[in-house]
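Trainee: I am new to this structure and would like to be guided through it. May I put some questions to you?

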Amino acid sequence: MVIDDLLKRFNDVVADPYAEARKRREGGQKVIGWLPTDVPEELIHAAGAFPVGILGTNEPIHLADAHLQSWACSLMRGCLEQGLKGTLDFLNGIIIPHTCDTTRMLVGIWRHALKTPYIDNYLMPRQVDRPSARTYLKGELARLKSNLEECTGQLVTDKALRESIKIYNANRLAMRRLYEFHGTNTGVISSRALYTVIKAAMFMDKAEHTALVEELLQEIGKVEPRNDERIRLTLSGGVWEPPEILEMIEELGGVVVADDLLTGARYLGPDVDTTGDLLDALAYRQLNRIPFGGFDSTIRGRSTFLVELVRGARAQGMVFLHLKFCEPENYDYRDMRKAMTEAGIPSIRLETEYANTSLGQLRTRLQAFMEMMGGNGS
Amino acid sequence: MYVAGIDIGSIYSKVVILQDNQLIASLVQRTGGEIKTASRRILEEALETLGLKLYDLAAVVATGYGRISVPFAEKQVTEITCFGRAMVHLYPEVRTVIDIGGQDSKGIKIDENHKVEDFVMNDKCAAGTGRFLEVMANALEVSLEDMGPLALQSKSPEVIGITCTVFAESQVVSLVAEGRSKIDIIAGIHQAIAERIYGMLKMIKIEDRIAVTGGGAKNIALVKALEKKIG
Amino acid sequence: MSAPFKTAGLLKDLMAQYYAKGEENRKLGIPVAWVTAVFPVEIIYAMDIFPYYPENFGALAAARKVADKLSEYGEQQGYYNDLCGYARCGIGDTYADEHPVGKILPPDLLVCCNTQCGSLPKWFEAAGRYHQAPYFLLDSPLIEGEVSSLGKAYFVEQLWEMVDFLEKTTGNKFDLNRLTEVLKLASEATRLWNDCLDMAALKPAPFGFFDACFHMAPIVTWRGTQVAVDYYKALKEELDERVAKGVTAIPNERFKIYFDHIPVWPRLRWFSDLFADHDALVVASQYTHSWAHKFDLSRPMESLAEVYTEQFVNRGFEYRIKLKMEFMERYNCDGFVLFSNRSCKPNSFGLYDKRQVIAERTGKPGVVFEADMSDQRFFSAGQIQTRLEAFFEQLEQNSRRGKT
């Protein structure tokens, strides 16, 4: 019961994601939103502002149509929609990272159509292997830092940044432990619960989130491990939306044990070293995150990474969750699928959209996939 | 032992009853009304022809898009797995099943043990499905049943791109406005659907032998166009 | 479109020569590098590597109306039709069992600059894996507002990283003096090309945007060689001759139009006829002006970085609006047409707002239409014609009011 109560806390946060941000704003703190993915929240935090993830909406999109073509992904259309609707009026600033052509152009539209006081574009290097990337990224982080200082009126001292990084490292550690727990004790909390906890971190006070996750870890640690016969699956793609997909997987006899999602494992990423130059350490973290369609490493290939991910998690199959119109994912898809096939890992691609995905069709695909792997129904 | 299978499709519902693995009755009806009651009605009608009652059945399996709304089924299984299973009984040598349904088109690859090895389905867009043919038939004011036979009469089919139903519809309407032959347009539509389905099938690599099922299988022009594409 | 140009024959020969050259060169031991259109190709030419433009292949397939066909081969492999049409053509051709515009040339190495978009790198990455050829990305962060020294320093550093990569992969040596020669030729060709483009400002003009689309192939592919210089000299002479003889692009030019960005290749003729029927000539587009630079030979690498990163393709919302307005002013345009190209998110996203802003600031009518630059499956003639005709009616109204 304690577990359920704890999970409910995370659920409530995700159900009303901007509640904490609005409260902070009312209390006089500056609030800076970030779009997925990879914005260094530590800098926002160290500048004294409250960082909050802007992650689209499952509500219908109308207003955005006047500014952004319907063949942009529903994640970015949804973010813009929330801005236009006034849902994000609490923001003092927003940072839009350049992850794809849509985010690259969205910043201009945002500036034109919305009155957010501080709007910035976080321009990460698109190559991650060569020395120039790290030098440049350090400079870009310094630029972002000074813009944030200007927005909040608070200098980002080394001391403050180091403290913020420690808070974030602790949070990542807690979430990593939860992942590990779920991977070996799949029967204790549901896949949806796991991902809800991760997503809640994007909207909550970090220290509070860490404390709650630690409490959860303690409680679930007391539960007798159960032998779970369900099919172990990995997810690859952008976001686990619509969220019903996770429930569907479990209803059909599966359980999610690993992923490379923006709203999942990619959010965790590696920790930031606090012993040396902090901006350099933040740059290092960014360049050593897990592979992603938006910035591929030529050295650490994404296909190899995914095969290892599946094997490492002792998963039996891969579900590609691709947002309709997401180009980076689609360009990688053929070769990722091929790598899966060659490794003997069954895979399926589900094309998803926020708001209007036809769940019935998704269900048929997923169910057939599970049946194919010898699960329910075969 | 009697068992029944019920398939609630988007347009038609179908029931088969087997006694010791032998087909003893079948029934096809338009899917109408609430699925819960409609599915019960069609099954009871089929049972009636044999003088049986629902409780005489040892097991009922439901499939089709309405499968989750069949309350009395022990098991809900997707069409995809069902097709694989069905081929054991009907055509054991079949390795690829092409299903052209009302809402979905599917390609299903079956291995030697009659297990589904891989499958593909059309994306959300209706292009390449029975629904698409219906929309086109409406736009051309031709009955759906006549579409296939009319297409066969064409000597020079129009080239029609069908990436999207809406686009295709407006293209068809403008071809009509230009005074192009309806028969050639219809033939073009069939070729376009066949191409779309063929493209999808390439994702699973087509293997001999091939079975075509679903409402689309009844459309001779569509099957011929597919045959030509596959070779 | 205008009456056939004499230089058209020359162009045809040149391009045939270009396409043949790739394979011939490879046999001679000259490596083939895939490059992108807005890329410091001068370094490639200076290092005696043959630059091959897959985008050009896409445009060719599109203009010959076979993009849909080739694309389907890519779609069958799992590349969906939401991707860039050029990429789909190029990828499709690799897997196709028919080659209506010849085979896309397999690369020995791939070098890509991402100022244009994020599609090219993903396409090149996939092609690199397929052909097992080494791939290098020349990365250029968007310049959203002011030009920054950070971005420039990053680019210059990468140019040297690329030189290193090219030397290691091909064994050819880089030589700054040779680069300077190539830069001279590139500057000369782009100067001549822009002289040609500027002829469209004359009223009536001997040459318009749809002609420019036809004549732009050498500035893309032969930029940095004497071939391009000679070609645009010949074209300029022919245009001067046309002006002297009073030959005009369309019979009765009344309106000058700015067009953004790329043409709908398989419907180039359809569009140019539709405009001509309404006495309108499209005279400029940022697209054909993509090669309008001059190099500072005293600091070649910095100059390359400036030229290629400060281009509009690498600029933000406001810069792109200003550029369009500058063209409208320079070419004395009566209205503007913006092409929301399903294949090209960077050039299309933001156009709805830009249309509004430009209309407000210039007081000139403008329209956005939706299509795809190569794939006719996304083309709805009726819809586009209705929009454009409404736009032509606005032009007429304005002209009656004496606004033009």
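Predicted model: local features only at pLDDT ≥ 70, side-chain atom pairs only at ≥ 80, totals over all residues.

Trainee: Which element gives the largest share of the side of chain C that touches chain A?

Mentor: The contact involves 38 residues of chain C and 41 residues of chain A. On the chain C side, the elements giving two or more residues are α6 (119-131), β4 (135-138), α7, α15 (345-348) and α16 (351-362). The largest share, 7 residues, comes from α6(C).

Trainee: How many charged residues does the side of chain C that touches chain A have?

Mentor: Sorted by class, this side of chain C has 17 nonpolar and 10 polar residues. The charged residues there number 11.

Trainee: Which element gives the largest share of the side of chain B that touches chain A?

Mentor: Here 12 residues of chain B meet 12 residues of chain A. By class, the side has 6 nonpolar, 2 polar and 4 charged residues. The largest share, 3 residues, is that of β8(B).

Trainee: Which strands are the edge strands of the open sheet in chain B?

Mentor: Four strands form this open sheet, in the order β8-β7-β6-β9, with mixed pairing. From one strand to the next, the twist averages 15°. An edge strand pairs on one side only, and this applies to β8 and β9 (210-213) of chain B.

Trainee: At about what angle does helix α6 of chain B run to β7(B)?

Mentor: Helix α6 (residues 182-201) of chain B lies across β6, β7 (105-110) and β8 of that chain. Its angle to β7(B) is about 40°.

Trainee: How far apart do the C-alpha centres of the two domains of chain B lie?

Mentor: Chain B is divided into domain 1 (2-77) and domain 2 (91-231). Their contact takes 5 residues from domain 1 and 5 residues from domain 2. On the domain 1 side, 3 residues are nonpolar, 2 are polar and none is charged. The C-alpha centres of the two domains lie apart by 28 Å.

Trainee: Against which elements do the buried residues of α13(C) pack?

Mentor: Helix α13 (residues 300-309) of chain C is mostly covered, with 7 of its 10 residues buried. Among them are P300(C), L304(C) and Y308(C). The buried residues pack against α2 (41-46), β3 (109-113), α7 (149-170) and α8 (176-198) of chain C.

How values were computed:
Residues numbered from 1 in each chain as written. Chains lettered and ligands numbered in written order. Contact = placed C-beta atoms within 7 Å. Nonpolar A, V, L, I, M, F, W, Y, C, P; charged D, E, K, R; others polar. Domains from an automatic or database assignment. Buried ≥ 20, exposed ≤ 12 C-beta atoms within 10 Å, placed from the backbone. Pairing = 2+ DSSP bridges. Axes fitted to C-alpha atoms, helices over the stretch in contact; angles between N-to-C directions.
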